[in-house]
Amino acid sequence: MQLIELKNVYKRYPNGVTALCDVNLEISKGEFVFVIGSSGSGKSTLIKLLYRQEKPTRGEVYVGGVNVSKLRNGKVYKLRRKLGIVFQDYKLLPKLTVYENVAFALEVYGLKESEVRKRTIKAIEQVGLKDKLRSYPDELSGGEQQRVSIARAIVNEPKVLICDEPTGNLDPDTSMEVMKVIDGINKDLGTTIIMATHDKEIVNAMKKRVIVIEKGLVAKDSQKGKYKSEGI
Ligand code: ADP
């Protein structure tokens, strides 16, 4: 079984909107995948199904062998442990330093303080912010804040890093820096990356697998894909 599998997945919201229609996908361990498509095409819905923010109306979603569709609410934490999630807005805690924001996310209870420190510093080093350990979020640029949120997402060493428009608030140069950090995580740690984005330059520069969602359907799935302007 692949790390992520969607089988005949449909998502219809209570208001009657069908956001996904018979989606079938397989993503293997270590892959880097972009999910692209116009606003309202169903990208966020697809991503929300992976971390069980939403449940499919029909079909099955597997993440790391867990049938997410059938997971009881009380077991969702087991799924979330396998995942790191990065959003467009960084969601950092303003009164905590960079170090504290990342350490706070370490879920492994009973860790010795030295171990907490080791893992936190490792994650912060991975995103290139070791010199900002004691800074507060409002002392950092947008790109740096996003890198902190990425460090927080990887500190538990998840199998999958899910990114929902992570460069949405950033200028092109900063966006590319953040992409290099995400690519480094994929290459150095072998973490599987799934990233929803609108950002043409990034998709074209990175030359990764691209899944195009259109009106809730997988319209295209290509290795080393390009972001074509027509219809997207
Ligand atoms: P994208 O991320 O590509 O912009 P979404 O997955 O957010 O697309 O939305 C797909 C469709 O589902 C849209 O028509 C949107 O209005 C609808 N939708 C998204 N979330 C909800 C919701 N919670 N309730 C009802 N409709 C929703």
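How far is an oxygen atom of the ligand from a polar backbone atom of glycine 42? The distance is 3.0 Å. The model described here is predicted. This briefing covers the ligand and its surroundings, then the cysteines, then the salt bridges.

**Ligand contacts**

- Tyrosine 13 takes part through its side chain, where an N or O atom is 3.5 Å from a nitrogen atom of the ligand.
- Taken alone, the ligand exposes 560 Å², and the protein buries 66% of that area.

**Shell around the ligand**

- The residues that surround the ligand include Tyr13, Asn15, Val17 and Ala19.
- Ser38, Ser39, Gly40, Ser41, Gly42, Lys43, Ser44 and Thr45 are also among the residues around the ligand.
- By class, the shell divides into 8 polar residues, 3 nonpolar and 1 charged.
- Helix 1 (residues 43–50) supplies the largest share of the shell, with 3 residues.

**Cysteines**

- The count of disulfides in the model is 0.
- Cysteine 163 counts as buried because its relative accessibility is 0%, under the 20% limit.
- Cysteine 21 has 28% relative accessibility and therefore counts as partly exposed, a class that runs between 20% and 50%.

**Salt bridges**

- Side chains of opposite charge can pair when their charged atoms come close.
- The model has a count of 13 salt bridges.
- Another salt bridge joins glutamate 177 and arginine 147, whose closest N and O atoms are 3.9 Å apart.
- Glutamate 177 lies in helix 6 (residues 172–189) and arginine 147 in helix 5 (residues 142–154), so this pair ties together parts that are 30 residues apart in sequence.
- Glutamate 177 counts as partly exposed at 43% relative accessibility, whereas arginine 147 counts as buried at 14%.

**A linked network**

- Arginine 209 and aspartate 221 form a salt bridge between their side chains, at 2.8 Å from N to O.
- This pair links distant parts of the chain, with arginine 209 in strand 9 (residues 209–214) and aspartate 221 in strand 10 (residues 217–222), 12 residues apart.
- Arginine 209 is buried, with a relative accessible area of 7%, while aspartate 221 is partly exposed at 38%.
- Glu31 joins Arg209 and Asp221 in a network of salt bridges.

Note on methods. Residues numbered from 1 in each chain as written. Predicted model: local features only at pLDDT ≥ 70, side-chain atom pairs only at ≥ 80, totals over all residues. Heavy atoms only, no water. Near = heavy atom within 4 Å. Polar contact = N/O pair within 3.5 Å; in protein donor to acceptor, adjacent residues only side chain to side chain. Areas by Shrake-Rupley, 256 points an atom, 1.4 Å probe, with all protein chains shown as cover. Helix = DSSP H or I, 4+ residues; strand = E, 2+ residues; numbered from the N terminus. Nonpolar A, V, L, I, M, F, W, Y, C, P; charged D, E, K, R; others polar. Disulfide = S-S within 2.5 Å. Buried < 20%, exposed > 50% of the residue type's maximum accessible area, 1.4 Å probe, protein only. Salt bridge = Lys/Arg side-chain N within 4 Å of Asp/Glu carboxyl O.
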